[in-house]
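Reader: I would like to go through this model step by step. Please start with the terms.

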Amino acid sequence: MTSTEIGRGLDLFREGDFPIYTLTFVRDLPPAELLTRMGVDPETLALRDAIDLSDDLGDDLLDDEEPVVTSGIDGSWAWAWEQGGVHGLDERILSHVSMGTEAVVLHYNEKPMHWFKYAVGGEIIVDFHTLQAIEPAGQDPA
């Protein structure tokens with residue numbers, strides 16, 4: 001899904017409280033290309049505003065096995081939001097998303113845990129999470 005709302009697309013995160021989510025950001029790609037690189041079937045993409053999205057999908061928005069992924073743009077970054085999903089953390093997906101550009105994945109869950117990954121040109125540069133002592137991994141974790 002691609003948001004059609006006007007304004008800064010991430011305002012919902014600035015104001016909301018969500019128990020588990022994964023946000024994937026990519027620089028200088030349109031949202032539809034980001035979703036395609038993440039493995040979303042292009043035939044399933046549809047433009048909806050937040051009200052239509054909620055009315056059409058309801059509780060299915062939070063399905064952890066087949067999450068609905070919403071996307072939009074904030075400045076030069078496109079973002080994809082998985083409510084209850086973690087596909088963006090998959091290194092193969094992140095590598096594909098970051099080909100020819102850079103990408104960031106942020107994950108939060110109620111454990112509490114925060115996970116950060118940064119990739120450039122298909123390579124994972126930094127990867128760490130807060131579930132254990134922070135020990136960054138990747139091509140250049142410093």
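Author: A salt bridge here is a side-chain nitrogen of Lys or Arg within 4 Å of a carboxyl oxygen of Asp or Glu. This is a predicted model, in which local features need pLDDT of at least 70, side-chain atom pairs count only at pLDDT 80 or more, and totals for chains, interfaces and linings use all residues. Residues are numbered from 1 along each chain as its sequence is written, and side-chain values use heavy atoms, with hydrogens and water left out.

Reader: In which element is confidence highest, and what is its mean?

Author: The predictor's confidence in each residue is pLDDT, from 0 to 100. Its mean over the protein is 79, and 71% of residues reach 70 or more. Confidence is lowest in strand E1 (residues 2-3), at a mean of 43, and highest in helix H4 (residues 91-97), at 96.

Reader: What pattern does the protein follow along the sequence?

Author: Helices (H or I, at least four residues) and strands (E, at least two) are DSSP runs, numbered from the N terminus. The protein has four helices and eight strands. Read along the sequence, they give β-α-β-α-β-α-β-β-α-β-β-β.

Reader: Among contacts between residues at least 6 apart in sequence, what share joins residues at least 24 apart?

Author: A contact means heavy atoms within 4.5 Å. Among contacts between residues at least 6 apart in sequence, the share joining residues at least 24 apart is 53%.

Reader: Which residue does Glu102 meet in a salt bridge?

Author: Side chains of opposite charge can pair when their charged atoms come close. The side chain of Glu102 has such a partner at 2.6 Å, N to O. The partner is Arg27.

Reader: How many residues apart are Glu102 and Arg27?

Author: Glu102 sits in strand E6 (residues 102-109). Arg27 sits in strand E2 (residues 21-27). The pair links distant parts of the chain, 75 residues apart.

Reader: Is Glu102 buried or exposed?

Author: Buried means under 20% relative accessible area, exposed over 50%, and partly exposed in between (1.4 Å probe, protein chains only). Arg27, at 28%, counts as partly exposed. Glu102 has 17% relative accessibility, so this residue counts as buried.

Reader: Which helix holds both Arg37 and Glu33?

Author: Their side chains meet in a salt bridge at 2.9 Å, N to O. Arg37 is buried at 17%, while Glu33 is partly exposed at 31%. They lie four residues apart, about one turn of the helix, in H2 (residues 31-37).

Reader: What is the relative accessible area of Arg92?

Author: Arg92 and Asp90 meet in a salt bridge, 2.9 Å from N to O. Asp90 counts as partly exposed at 26%. Arg92 is exposed, because its relative accessible area is 67%.

Reader: Which residues does Leu34 touch?

Author: Residues up to four places away in sequence are not counted. Leu34 then touches Thr24, Val26, Ala78, Trp79, Ala80 and Val97.
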